Amino acid sequence: MKSKEIFSFMMNPFTRIAGWQAFGIGILFVIVTGVIGTFGHVAFDGVIDMHFTRELTLLNSFAYLAIDLLSVSFIMIITGFIISKSFRIIDILGTMTLSRAPLIILAFAGCFTVSPDINEIMKDPYVVFQSVSFIIFSILSFPVIIWSIILMFNALKISCGVKGSKLGGAFIVAILVSEIISKILILKLIRL
Amino acid sequence: MLPTNCPGCHSQLKVKCLKCENCETEVSGLYDLPVLALLTPEDQQFILRFVINSGSLKEMSSELKLSYPTVRNMLNEIINNIKANEK
C-alpha cells in the first residue's frame with residue numbers, strides 16, 4: 001500500500017470495511033479504549049469530547065462510551081431514514097462504532113498526562129500551562145477528535161450513499177444533536 | 001472501446017451502418033446504441049460481474065474486496081447513469 005492509499009484508508013476505511021465486520025473491530029477498540037481510559041483517567045463523556053477526571057471507575061468509563069455510541073448511532077440511523085432511500089442499519093451501527101477507534105490514542109495518551117485538578121483550574125486557568133504533558137495532550141486531542149469526526153462523516157456517506165450539501169447539512173445537525181443527547185443521558189443516568 | 005459520443009459536439013452517436021462479414025451485405029439506417037453500450041467500460045464490467053454473481057451484492061463485495069454499502073452505492077450510480085441515458 002502506498003502512503004496515499006494508507007492515508008485514504010485511515011480517513012475512510014468504510015469502502016472496504018462495513019457492517020458486522022466494522023462493528024466487531026469497532027467494539028474491540030471501544031473496549032480497549034474504556035480499559036486504558038480508566039487507567040488514564042480520561043472520560044469520554046460526549047460524542048465529540050472528553051475530560052480528565054480523578055474518580056473514574058471502569059464501569060463509568062464503559063457507560064460513557066456506551067452512551068456516546070448509542071447516541072450517535074441512534075441519531076445517525078434516524079438521519080439515514082431522512083436522507084437515504086435505502087441503507088442497512090448494521091452499516092451505520094458498524095461504521096459509527098469503528099469511527100470511535102481514534103479515541104484509543106487519547107486514552108493511551110491520558111496514561112502519560114498529569115492533569116491539574118479541576119478546582120485549581122477553576123481558581124486559576126493558567127495553572128494548565130504548568131503541566132507540559134497536559135498541553136501536549138490538549139494539542140493532540142484536536143486532530144484526534146477531527147479524525148473521528150471525519151470518520152463519522154464518511155461512515156454516514158458510505159452507509160447511506162448520499163453526497164453533497166444534503167449530506168453535509170444532515171451530518172452537522174446529526175452530530176450536534178447526538179452530542180447534546182449524549183450529554184443529557186450522561187447527566188441523567190450517571191452523574192445523578 | 002465503442003465510441004458513444006461525437007468527438008466534435010459530444011452528442012450521443014447513433015449506428016448508421018452494420019455489415020455482414022460473410023456476404024458483405026450492409027444494412028444502413030439510424031439506430032440507437034443499446035443502453036448498456038452507453039455506459040463506461042468499468043460500469044459494463046460491473047454489470048457483467050453482477051450478473052455472473054447472480055445479482056448478489058454480498059458476492060460482489062467479496063469479489064471486489066469492497067464493503068457491501070460501497071458496492072451498493074456503485075450499483076445505484078450505474079442505475080442513475082442508465083436512467084439519465086434513457087432520458
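Start in chain A: helix 4 and helix 7 are roughly antiparallel to each other, because their crossing angle falls in the class over 145 degrees. The model on screen is predicted.

**Stop 1: two helices of chain A**

Select residues 89–98 of chain A for helix 4 and residues 132–160 of chain A for helix 7. Their axes come within 9 Å and cross at roughly 160°. The crossing of helix 4 of chain A past helix 7 of chain A is right-handed.

Now show the side chains at the contact. Helix 4 of chain A supplies Asp91(A), Ile92(A), Thr95(A) and Met96(A). From helix 7 of chain A come Met152(A), Ala155(A), Ile158(A) and Ser159(A). Coloured by class, the residues of this contact divide into 5 nonpolar, 2 polar and 1 charged.

**Stop 2: His41(A)**

Stay in chain A and select His41(A), which sits in the loop between helix 2 (19–40) and strand 1 (42–43). Check the backbone here: His41(A) has a positive phi of about 60°, although this residue is not a glycine.

**Stop 3: the hairpin of chain B**

Move to chain B and select strand 1 (15–19) and strand 2 (26–31). These strands run antiparallel and are joined by 4 bridges. One place to look along the pair is Lys19(B), which stands opposite Glu26(B) of strand 2. Strand 2 of chain B has 6 residues, and the count of buried residues among them is 0, leaving the strand hardly covered.

Between the two strands of the hairpin lie 6 residues. Select Glu24(B), which is found in this loop.

**Stop 4: where the chains meet**

Finally, display both chains together and select the residues in contact between them.

Conventions
Residues are numbered from 1 along each chain as its sequence is written. Chains are lettered from A and ligands numbered from 1 in the order in which they are written. This is a predicted model: local features need pLDDT of at least 70, side-chain atom pairs count only at pLDDT 80 or more; totals for chains, interfaces and linings use all residues. A residue is buried if 20 or more other C-beta atoms lie within 10 Å of its own, exposed if 12 or fewer, and partly exposed in between; C-beta atoms are placed from the backbone. Two strands pair if DSSP finds at least two bridges between them. Axes are lines fitted to C-alpha atoms, for helices over the stretch in contact, and angles run from 0 to 180 degrees between N-to-C directions. Angles under 35 degrees count as roughly parallel, over 145 as roughly antiparallel, 65 to 115 as roughly perpendicular and the rest as oblique. A crossing is left-handed if the near helix is turned anticlockwise from the far one by less than a right angle, and right-handed if clockwise. Two residues are in contact if their C-beta atoms, placed from the backbone, lie within 7 Å. Ala, Val, Leu, Ile, Met, Phe, Trp, Tyr, Cys and Pro count as nonpolar, Asp, Glu, Lys and Arg as charged, and the others, Gly among them, as polar.
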